[in-house]
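Subject: Handover of a structure for your study

Dear colleague,

Please find below the structure that I am passing on to you. I would ask you to open it beside this message, as the notes that follow refer to it throughout.

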Amino acid sequence: MSVYDELLQFQILPDAFYDWQEYRADITGYIIDRTKAGSSLAILGAGRCNDIDLAMLAEHFAEVTLFDANLAALEEALILYGQEDNPHFHLVQYEFSGITGEDYRFFSEYLSDYINTHRFEPCPVFAKHATHALQNIYQKADEYTPDFGEKCFDYAMIFGVHSQINNMAAWIWNAFLAHLGEQDATVEAVIIHENTKLVQKLNDAILRATRTTVFFGNELNKIQPNNTARSGSIQGACQCIDDLRNRFNVTEQALVYWPFTIKQNIIYQMLIQQVDAN
């Protein structure tokens with residue numbers, strides 16, 4: 001099993017549906033209170049919908065379209081909320097960044113093979129080769145433009161996704177650094193640079209597909225055990241927040257607490273930004 005496949009297991013949160021009950025109610029209520037009944041909604045990166053109540057949405061929206069790379073997760077979400085036979089829900093399997101699991105698996109296996117054959121080379125040399133491998137992947141991403149259609153939905157929402165669209169590359173690289181007991185910032189800098197471009201392209205595509213309003217939810221702060229907030233620590237999320245503030249019309253903001261995992265006491269302060277799509 002590759003490092004990539006091992007890291008995938010950490011993305012599964014078996015207690016999320018129960019841990020996020022209050023958060024789910026807050027987010028669902030927030031969306032319903034700010035949208036018109038009988039309208040249409042797109043949920044980008046819906047996954048298993050642990051953060052949004054599909055049964056409540058079914059009573060409010062005429063059409064709901066769920067987008068995610070994991071089609072099985074979307075199907076599980078419909079069953080969980082008893083909506084598997086509801087014709088007003090539509091599932092779309094979609095990759096947001098153009099980078100696939102196979103690309104990350106290649107990167108992981110490339111690094112593993114390189115270590116095995118160049119065991120005693122210094123870390124800067126290893127980082128140079130890692131950067132080269134990543135650039136090949138990001139060239140593919142540069143040629144890809146997400147497209148959810150043109151003004152297809154009255155509203156759209158995307159919560160906790162921007163921090164995930166390119167985090168796997170950093171996860172993989174840091175896992176190898178930890179194994180080697182090394183530190184290096186050059187590869188991380190490449191990932192951050194590319195992430196900025198991915199975030200902007202995704203935001204553009206979402207706004208193009210929406211007629212009225214998009215609701216963005218991003219991790220603004222990570223709450224520390226002493227109940228203090230550490231700001232600016234979540235790449236992708238912070239880049240999205242800044243992009244929306246710099247390029248779009250943010251009409252409303254709100255903060256909610258997201259108990260990401262109660263067992264590990266990981267809590268995020270989520271910033272909701274409401275953006276005018278007109």
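Contact here means that heavy atoms lie within 4.5 Å. Please also keep in mind that this is a predicted model.

Ile206 belongs to the largest nonpolar core, which has 51 residues. Within this core, the residues that touch the most other members are Leu44, Phe148, Ile172, Ile206 and Phe216. Helix H9, residues 186-209, gives the most to the core, namely 10 residues. There is also a second, separate core of 35 residues, and its members include Ile32, Leu41, Leu74 and Tyr268. As general background, nonpolar side chains tend to be buried together in soluble globular proteins.

Helix H9 also has a helical partner. Helix H7, residues 123-142, packs with H9 at an angle of about 10°, and their axes are 9 Å apart. Angles under 35 degrees count as roughly parallel, and H7 and H9 are therefore roughly parallel to each other. On the H7 side, the residues that meet H9 are Ala127, Ala130, Thr131, Leu134, Tyr138, Ala141 and Asp142. On the H9 side, they are Thr186, Val187, Val190, Ile191, Glu194, Lys197, Leu198 and Lys201. Sorted by class, this contact has 9 nonpolar, 2 polar and 4 charged residues.

I turn now to the aromatic rings. The structure holds 20 aromatic pairs. In one of them, the rings of Phe17 and Tyr18 have their centres 5.6 Å apart and their planes at 85°, so the pair is edge-to-face. Phe17 is partly exposed, with a relative accessible area of 22%, whereas Tyr18 is exposed, at 57%.

The rings of Trp20 and Trp258 have their centres 5.2 Å apart and their planes at 75°, so this pair is edge-to-face. The pair links distant parts of the chain, 238 residues apart. Trp20 sits in the loop between helix H2 (16-19) and helix H3 (21-33), while Trp258 is in strand S7, residues 250-261. Are these two residues buried or exposed? Buried means under 20% relative accessible area. Trp20 has a relative accessible area of 7% and is therefore buried; Trp258, at 6%, is buried.

Finally, ring pairs link Trp20, Tyr23, Trp258, Phe260 and Tyr268 into a cluster. Tyr268 is also one of the members of the second core.

Yours sincerely

Terms used: Residues numbered from 1 in each chain as written. Predicted model: local features only at pLDDT ≥ 70, side-chain atom pairs only at ≥ 80, totals over all residues. Heavy atoms only, no water. Core = buried A, V, L, I, M, F, W, Y, C linked by side-chain atoms within 4.5 Å. Buried < 20%, exposed > 50% of the residue type's maximum accessible area, 1.4 Å probe, protein only. Helix = DSSP H or I, 4+ residues; strand = E, 2+ residues; numbered from the N terminus. Axes fitted to C-alpha atoms, helices over the stretch in contact; angles between N-to-C directions. Parallel < 35°, antiparallel > 145°, perpendicular 65-115°, else oblique. Nonpolar A, V, L, I, M, F, W, Y, C, P; charged D, E, K, R; others polar. Phe/Tyr/Trp six-rings, centres within 6.5 Å; stacked < 30°, edge-to-face > 60°.
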